[in-house]
Amino acid sequence: MHIFYGLMIPFLGTTLGSACVFFMKKEFNPLVQKTLLGFASGVMVAASVWSLIIPAIEQCEESGMSKLSFVPVALGIAIGMVFLLFLDMIIPHLHMNAKKPEGLHSKLKKTTMLVLAITLHNIPEGMAVGVVFAAFLAGGSSTGAVGISLAGAFALSIGIAIQNFPEGAIISMPLAGEGNGKGKAFLYGTLSGAVEPIAAFITILLTRWIVPVLPYLLSFAAGAMLYVVVEELIPEASEGEHSNLGTIGFAIGFIMMMVLDVALG
């Protein structure tokens, strides 16, 4: 049940964020949105480093690759970024700060494309949670296969849930502002996060087969998350005036996730 709770915590963050549509204005204050996007970026970057990349390097070093421990990690990060680039190209979606769909995607409703955008963000996050819990389970002890404790796995899960909260609100509130009912906006926001526990659960089921390639999978998830940060979150947090709010949000999110991971890990 602990593993089940750990996999569902990020989804809970998205759901609670989507519920903001019931008791807040239909439109997010742009300055608040910039801060929240920066905050989410900071959390994801810190989680990528402390919860994924560092454990991957440590496992490579323990397996005798002390001088070449960077090779599987670098390869995994690159593959993760290419994978998200591929999804970014084939899945029609709308950037959160875009006004309307353009080009080949113009026939799709903005509602659908917004949901697809957040769903695309959530895929690597779900994979990351699944991989760290799989690493813990593979060890058969309190520290897991790569020194990841149950508390450390929960730290990543909680951190992603925290940054999912503003994402849920960012999608549900604009949808309500466009004329959709609050219930429908909440449903779309919630569904955008459903991919996370699904991706995490599938990863857990494959634990037996992924142990030999854990460094690749940990760094793959990190690369995918970093792609989302660089491609989507940071540009949207930095656009226009008061971009320093996004930077401040990034610093707060990064420090908070770092402290959470180190304290619990």
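Phe220 counts as buried because its relative accessibility is 13% (buried means under 20% relative accessible area, exposed over 50%, and partly exposed in between, with a 1.4 Å probe and protein chains only). This is a predicted model, in which local features need pLDDT of at least 70 and side-chain atom pairs count only at pLDDT 80 or more, while totals for chains, interfaces and linings use all residues. Residues are numbered from 1 along each chain as its sequence is written, and side-chain values use heavy atoms, with hydrogens and water left out.

**Phe220**

- Phe220 sits in helix H9 (helices are DSSP runs of H or I with at least four residues, strands are runs of E with at least two, and both are numbered from the N terminus).

**Val73**

- Val73 belongs to helix H3 and counts as buried because its relative accessibility is 4%.
- When residues up to four places away in sequence are not counted, Val73 touches Ile53, Ala56, Ile57, Cys60 and Ser219.
- Val73 and Leu214 lie 9.9 Å apart in space, C-alpha to C-alpha, with a separation of 141 residues in sequence.

**Nonpolar cores**

- The largest nonpolar core holds 55 residues, and Leu52, Val132, Phe133 and Leu156 have the most contacts inside it (a nonpolar core is a set of buried Ala, Val, Leu, Ile, Met, Phe, Trp, Tyr and Cys residues joined through side-chain atoms within 4.5 Å).
- At least two residues of this core come from each of helix H1 (2-18), helix H2 (30-62), helix H3 (70-90), helix H4 (110-139), helix H5 (150-177), helix H7 (195-205), H9 and H10.
- H9 supplies the largest share of this core, 13 residues.
- Another core lies apart from it and has 10 residues, including Cys20, Ile118, Ala169 and Met173.
- Leu156 is in contact with Ala47, Ser51, Leu52, Ala128, Val129, Val132 and Met257, leaving aside its neighbours within four places in sequence.
- In soluble globular proteins, nonpolar side chains tend to be buried together.

**His242**

- His242 is placed in the loop between helix H9 (214-238) and helix H10 (244-264).
- The phi of His242 is positive, at about 60°, although His242 is not a glycine.
- His242 counts as partly exposed because its relative accessibility is 44%.

Key
Contact = heavy atoms within 4.5 Å.
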